[in-house]
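Dear colleague,

I am handing over a structure for you to look at, and I would be glad if you opened it before reading my notes.

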Amino acid sequence: MSSFNKKSLQDKLHRLNSSQESVETLSHWIIHHDQYAEDSVKIWKETFKESDTEKRLLLFYLANDVLQNSRRKGVPIFISALKPHLLDAALFASGQKIQTAIERIFKIWRDRKVYEKRFIDELRKRLTME
């Protein structure tokens, strides 16, 4: 597995595509480099802000995979590291055609107790702002 550096992650995020394999491969790479969780999340957010609608949805799918798999593997750092950035991401995605798909992700997080209900409610509120 390649070593972590900002440029490497940026390249990987830009090459991310809609295949499940692409999302899972990058998710595993990010989790493997959990000591750089804060850096990974900042780069994810920067990429999210620069991205078009379709790429933003892919980045939400990636965040979902990282959150669920890191939690399952006992690496909870990503849950706290991503949390403050998800609020901004939800706001950036509001009113876009990807809203329904993102709402499904929020429902999964609520049902699986990745985040508490109050936080999910705030995410949904921001997602529906226009």
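Predicted model: local features only at pLDDT ≥ 70, side-chain atom pairs only at ≥ 80, totals over all residues.

Residues are numbered from 1 along each chain as its sequence is written, and side-chain values use heavy atoms, with hydrogens and water left out.

Helix α3 covers residues 37-50 and reaches 20 Å from its first C-alpha to its last, close to the 20 Å expected at 1.5 Å a residue (helices are DSSP runs of H or I with at least four residues, numbered from the N terminus; the expected span is 1.5 Å times one less than the number of residues). Among its buried residues are Ser 40, Val 41 and Trp 44, where buried means under 20% relative accessible area with a 1.4 Å probe, protein chains only.

Those three residues also line the largest cavity, together with Ile 30, Leu 62, Ala 63, Val 66, Phe 78 and Leu 82. A cavity is a set of points, on a 1 Å grid over the protein atoms alone, where a 1.4 Å probe fits but cannot get out, and lining residues have an atom within 4 Å of a point. α3, α4 and α5 each supply at least two residues of this lining, and the volume is about 80 Å³, a volume being the space filled by probe spheres set on the points, which are joined across faces, edges and corners.

Best wishes

Key
Buried < 20%, exposed > 50% of the residue type's maximum accessible area, 1.4 Å probe, protein only. 1 Å grid on protein atoms, 1.4 Å probe; cavity = no way out; pocket = protein on both sides within 12 Å on 5 of 7 lines; lining within 4 Å.
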